[in-house]
Amino acid sequence: MPTDRKPEFFKGARLRVGIIGCGYVGLPLALRFAEAGHRVTGFDTDPNKVQKLNHGQSYIQHILNSKVQQFVQSRHFSATTDFSRLAEADAILICVPTPLDQRREPDLSYVEQTAKSIRPHLRRGQLVVLESTTYPGTTEELVLPILEQSGMKCPTAHGPENDQIATDFFLAFSPEREDPGNKQFGLAQIPKVVGGVNPPSGRAAVSLYAQIVARVVPVSTTRAAEMAKLLENIFRCVNIALVNELKLLATRMGIDIWEVIEAAATKPFGFMPFYPGPGLGGHCIPVDPFYLAWKAREYDFATRFIELAGEVNTAMPYHVVESVAGALNERQKAVKGARVLVLGVAYKKDVDDLRESPSLKIIELLTARGAKLDYNDPFFPEMHRMRHYNFEGMKSIPLDPKTVASYDCVLIATDHSSYDYQMLVESAQLVVDTRNATRRISRHRNKIVLV
Ligand SMILES: NC(=O)c1ccc[n+]([C@@H]2O[C@H](COP(=O)([O-])OP(=O)(O)OC[C@H]3O[C@@H](n4cnc5c(N)ncnc54)[C@H](O)[C@@H]3O)[C@@H](O)[C@H]2O)c1
């Protein structure tokens, strides 16, 4: 029997919102709904995270403990591993990981598992929204059939003629655009794209998100919303690859690419600066484009820009390692046995996130060539075992002039703001800089190699 709940119900106050997956995306979203006065329950399979959250502790560097504490104490937020409590929610938002598997193909097991854990608790009139980044078709082809095994239906239908179509529950896709560490744009300021499986589902999701963000952008289908997120990330991935390739050429031609980018960026229209680096990092840009490349094969379509960008960006850590070898060679030293200090293992500056960080690949490659590696990162006092790497036991080296001077090479892989670049250049024997972090240092420039 269709729900008699109107999509506009989700404009209401004090809704019960369930967020599945309390990570970099889910936790800020949960706190934003709590801030807007709703009663939020975070669901996570990790009991340690749930325990910490219920004790008012944040495990994400840029989210303050006090913020979690505030909403736990006011009873606007709590966390649980008990998925039967999904039945209490008016809206359920899915924010679980969507990584690549070992063959670099989409791993949708977390999304699938989550849909299965919602199914027995799904109630008529509930709104379910997938937020995890994924290929076009996931909401309708993977999540919908699992939820419909409950016996309830949410018909796939688009266009104005289906504006009032009957539905048992609401289902939509709305991609997250979180940029961890970005102080200029927080969740509330970033417009949110929303697409429904049918028009009432779209309106329900628009009603809900309009309460927490300044602007909601409705699109006609879940596929359009899924594709919009991928377009944003592929745009970044391709442009970063372009500038990385041009950097290699500029270096060979004896041109400073950083100077070129700053000059080009003065054009007030039709240009957007992207910056070269040691390789792609983070959970999104190195991963998401391959979700589309994979799906495209079903349509006999080769996404050449994505593949080419992947090839260029993947080669960057190898280029950095070659550049370190070259710089050591200039100083009559071999890589084998050289002491190298890598600055920054986080994938970008000022974040406590290691995922897909190019620093890890660089450490692995230099170690394989016989260098003796240490690292410093204020966000990672020590390293732990990861899916692809095991640097267990490595600890962040304190940065003082004497220690810095003892290394054959200091490699700036991540340009954290807290680093004293003046001291580093003055003390180091050799600085290989992958981020142009030393641009303001004028003395001892002969020690710096920009790569
Ligand atoms: N991190 C970002 O900056 C960012 C930005 C935009 C979009 N995204 C997308 O958002 C999604 C989530 O990414 P994230 O960075 O928050 O990941 P994350 O790893 O930080 O968090 C995911 C959380 O989900 C939990 N989890 C895993 N399986 C679960 C299950 N079956 N049920 C309940 N909880 C489960 C994990 O314990 C973890 O706490 C991904 O699709 C990602 O591509 C991430």
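**Aromatic pairs and salt bridges in a predicted model**

User: How many aromatic pairs does the structure hold, and what makes two rings a pair?

Analyst: The count comes to 10 aromatic pairs, where rings of Phe, Tyr and Trp (its six-membered ring) pair if their centres lie within 6.5 Å, and where planes under 30 degrees apart count as stacked, over 60 as edge-to-face and the rest as tilted. The model is predicted, and its local features need pLDDT of at least 70, side-chain atom pairs count only at pLDDT 80 or more, and totals for chains, interfaces and linings use all residues. Residues are numbered from 1 along each chain as its sequence is written, and side-chain values use heavy atoms, with hydrogens and water left out.

User: How do you know whether Tyr135 is buried or exposed, and where does Trp294 fall?

Analyst: Buried means under 20% relative accessible area, exposed over 50%, and partly exposed in between (1.4 Å probe, protein chains only). Tyr135, with 8%, is therefore buried, whereas Trp294, with 27%, is partly exposed.

User: What kind of aromatic pair do Trp258 and Tyr275 form, and which parts does the pair tie together?

Analyst: With centres 6.2 Å apart and planes at 10 degrees, Trp258 and Tyr275 form a stacked pair. Trp258 lies in helix H8 (residues 257-264) and Tyr275 in the loop between H8 and H9, so the pair ties together parts that are 17 residues apart in sequence. Trp258 counts as buried because its relative accessibility is 8%, while Tyr275 is partly exposed at 38%.

User: What makes the contact of Asp168 with Arg124 a salt bridge?

Analyst: Side chains of opposite charge can pair when their charged atoms come close. A salt bridge is a side-chain nitrogen of Lys or Arg within 4 Å of a carboxyl oxygen of Asp or Glu, and the closest N and O atoms of Arg124 and Asp168 are 3.5 Å apart, so the contact qualifies. Asp168 lies in the loop between H5 and strand S6 (170-173), and Arg124 in the loop between helix H4 (109-118) and S5, so the two tie together parts that are 44 residues apart in sequence. Asp168 is buried, at 8% relative accessible area, and Arg124 is partly exposed, at 35%. A search of the whole structure finds 22 salt bridges.

User: How do you know that Arg223 forms a salt bridge with Glu140, and what of Glu141?

Analyst: The closest N and O atoms of Arg223 and Glu140 are 3.6 Å apart, and for Arg223 and Glu141 the N to O value is 3.1 Å, so both contacts meet the definition. Arg223, in helix H7 (residues 222-253), stands 83 residues from Glu140 in helix H5, and 82 residues from Glu141, also in helix H5. Glu141 is partly exposed, at 37% relative accessible area. Salt bridges that share partners join Glu140, Glu141, Arg223, Lys295 and Glu298 into one network.

Technical notes:
Helix = DSSP H or I, 4+ residues; strand = E, 2+ residues; numbered from the N terminus.
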